[in-house]
Amino acid sequence: MTAPAPRIVVDRLHSPFRRALRSWETILLVVAVAVFIGNTFLSPYFLNAWNLSDATFNFTEKAMIAFAMAMLIVAGEIDLSVASIIALASTAMGLVMTAGAGVPVIVLVGIGTGLICGAVNGFLVAGMGLPSIVVTIGTMSLFRGIAFIVLGDQAFNGYPPEFAFFGQGYVWWVISFELVLFIIFALIYWAVLHRSTFGRAVYAIGNNATAAQFSGIRVQRVRFILFLLTGVMSGVAAVCLTSRLGSTRPSIATGWELEVVTMVVLGGVNILGGSGTIPGVVLAAIIMGMVTFGFGLLNVPGIVMSVFLGALLIGVIAVPRLLRGK
Amino acid sequence: MTVLKSREALLALAILVSVGIIAMRFPAFVAPGNLANVFNDTAPLMLLAIGQMIVILTKCIDLSVAANLALTGMVAALMNGAGVPLPLILCAVIVLGGVLGAVNGVLVWKLGIPSIVVTLGTMTIYRGTIFIMTEGKWVNAHEMTEGFKALPRLVFLGLPVMSWIAIATILIFAVVLTRTALGRAFYAVGGNPHAAVYAGIDVGRTQFWAFVISGALAGFTGYLWVARYAVAYVDVAGGFELDVVAACVIGGIAIAGGAGSIWGAMLGAIFLGVIKNALPVVGISPFWQMAISGTAIILAVAFNAAQSRPKGRLILREAAQ
């Protein structure tokens, strides 16, 4: 961190085409294609409709959270409690399931728990003005802690068979319900962030919260809504994941907060806030899913994969900075 | 009177009160021997909290400490298996830990990548490296020499060596932070980076040294941990980085940098240590610990915010940073 450099005012903007060519999303697209081609050559099992469909499960649930997280990070906040919200929401679903609730109630309870957790984070950050990174480290411990208190070393099993649709069902041929949900959410979040006044407010807050406030944006309300959204999306992800696994353990989705943040940062969202796009996050999700799946086909252990993702996270930020000679 | 108002005094009071309440029903908990045990148990947390505190002072965060601890601990165990003498191992773990910290530091200093991103990445890389090195194998007690395992448990003047190391480290860094130029630079960089630049302090280099210190302490703790529990594997101290950050937050280290004392970090660690050790004594399931420390973090940060007075409005972003 050094003294601010003088703003360079360019006298001519590049053409939209050239800007698009040099954008982060283009780089991601090239990487995605390269990963796809690489996987095709590395494993004969990769290019198969059903295998590719299976591969989407590697990212759909995380990506749903990543969309909301992207908006939150653009606004200059972060939510590290998302994986713990999944654990708590899944536990709540298990509780009502054992009490004999039907599928609609189970789903509503899962999403509702996410909403409540998001409201808690939102209240602490937006209502009380506490730093989001510490608050969500706290709630990360608290939410999963409650799941541990309820479940201990036990697990909830025996979800009704109809409940399996959310994580295992297919809408048409190889198109899974989760994939459809992923596409719908991608479109919704794209519209909200890039085509609505709320989205503009999110960027404004991320660039300069004080200026946004003086421009008439209800900064704290927007922040609160963003935390609600990450909570709800974690609830939705909890429904899908619980349905896919068919059971609830308090250790469910451990470490997902890091994968979600990696996905968002890889998608070109500035971790300090103010910039980033949903298409970038979509591409990053697909890349991460394909890389994970490709490694899986090659029998690479999961932990080696996480090393790769960690290096990727640092690399994607470091390489452009190195090239610019920062 | 100012002493009583200080955060550290309040925290110490909170710890004393909770120990007192436990003691009323379970007198055995406050037996000197047990209290010494609790302190000794908390020593690794204290050591890491000191490093973390210095990093947080400079407006950064180090989430890789637990992975660093696990990696250096594994290297120590492997070196021991290869017959390397103990003093050499001790030097090696401090250097290796410092190098791992320096990797974080260089990325933050030279490339200006936010520390949370850097250390999230190195956290997974360091832990994954253990797996790649060992293929997931464990180093068990019978594969370690007696001398290797004995050092942290050696009792000296009534306390195990591990406790003494924690005490010595706290005293050393209390002096470093308050009586040396580097120590003051940590505060200056976090308090106001721009003012620090004009005062002739290299912000990036100061952050770099904070990471090196944090890494070296994590490396040293890695040996202590592996030797004390007599086992080394991939998931040693999994998730411990959150406890370390929690200890700092509870100890009143401002997450925005520039404020906090080493005594706060120490007391924050002890607070968590007391809770962890008291739960089984008072008959509460250890599964409650996670939720309790989560609540403690939230209460502590809310309390911190209530105490710090509101700052003036900052209009220009560049000037504000």
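Author: Gladly! This is a predicted model, where local features need pLDDT of at least 70, side-chain atom pairs count only at pLDDT 80 or more, and totals for chains, interfaces and linings use all residues. Residues are numbered from 1 along each chain as its sequence is written, while chains are lettered from A and ligands numbered from 1 in the order in which they are written.

Reader: How do you know that the span of helix α14 of chain B agrees with its number of residues?

Author: Helices are DSSP runs of H or I, at least four residues, numbered from the N terminus. The expected span is 1.5 Å times one less than the number of residues. For the 19 residues of α14(B), 289-307, that gives 27 Å, and the end C-alpha atoms are 27 Å apart, so the two agree.

Reader: Which residues of α14(B) are called buried, and what do they pack against?

Author: Buried means that 20 or more other C-beta atoms, placed from the backbone, lie within 10 Å of a residue's own. Among those in α14(B) are Met290(B), Ile297(B) and Val301(B). The buried residues pack against α6 and α7 of chain A, together with α12 and α13 of chain B.

Reader: What makes up the contact between the chains?

Author: Residues are in contact if their C-beta atoms, placed from the backbone, lie within 7 Å; 46 residues from chain B and 46 from chain A take part. On the side of chain B, α6(B) gives the largest share, 12 residues.

Technical notes. Helix = DSSP H or I, 4+ residues; strand = E, 2+ residues; numbered from the N terminus. Buried ≥ 20, exposed ≤ 12 C-beta atoms within 10 Å, placed from the backbone. Contact = placed C-beta atoms within 7 Å.
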